[in-house]
Amino acid sequence: MSETKNNEELQQEETTEEVVETAETTETEETAVDEKDQKIAELEAKLAEEDARYLRLRADYDNLARRTRLDREAAEKYRAQSLLTELLPVLDNLDRALQVEVTTEEATSLYKGVQMVYDQLVAATEKEGLTIIPAEGESFDPNFHQAVMQEQDSEKETGVILRELQKGYQLKDRVLRPSMVSVNE
């Protein structure tokens, strides 16, 4: 019986060792699964972060491309602005020269020559998009007119431009120089 008892004890010990080994193996497997899950979660978070970074970079690139295109279009649209701004005093002086009364035949031929030069200059600037801002008889608009005087005319409404003292010009939709005007009180 002692042998049977020993066999039973041995079997019990083996069974206990197997249970312990199985528990250790299960614990090791669970730890490995937990580590894998943790690693997967870390990688998914990193992937989401990289996706967000990519989307931000793509948006930045799209914005830069749009701004560059708009800047290029504006540069093309207003390429003649500095030249036309420099020519405004020339236009003013030619306009003043044409307002002088001529009496002699020589003065008349000179007047016609100045008129031709003025007309050519105006035509060339109009090709580039330069236009005169209408003033006299119009309602005062601070976006296009600069009031330097106020006068009183009871026949006209308040805020109407009575006289244009200096012509104003705009290039396409941009004001180069506002008209200097006298406004009715």
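Biologist: How much space lies in the largest pocket?
Modeller: The largest pocket holds about 210 Å³ of space, where a pocket is an open set of points on a 1 Å grid over the protein atoms alone, with protein on both sides within 12 Å along at least five of seven lines, and a volume is the space filled by probe spheres set on the points, joined across faces, edges and corners. This is a predicted model, in which local features need pLDDT of at least 70 and side-chain atom pairs pLDDT 80 or more, while totals for chains, interfaces and linings use all residues. Residues are numbered from 1 along each chain, and side-chain values use heavy atoms, without hydrogens and water.

Biologist: Which residues line the largest pocket?
Modeller: Among them are Asp92, Asp95, Arg96, Glu164 and Lys167, lining residues being those with an atom within 4 Å of a point. Helix 2 (81-98) and strand 3 (161-166) each give two or more residues to this lining, helices being DSSP runs of H or I with at least four residues and strands runs of E with at least two.

Biologist: And how many cavities of 30 Å³ or more are there?
Modeller: The search of the whole structure finds 1, a cavity being a set of points where a 1.4 Å probe fits but cannot get out. The largest cavity has a volume of about 60 Å³, and its lining includes Leu91, Val122, Ile132 and Tyr169.

Biologist: Changing topic, which charged end sits over the ring of Tyr78?
Modeller: That is Arg174, 3.7 Å from the ring centre, the rule asking for NZ of Lys or CZ of Arg within 6 Å of the centre and within 35 degrees of the ring normal.
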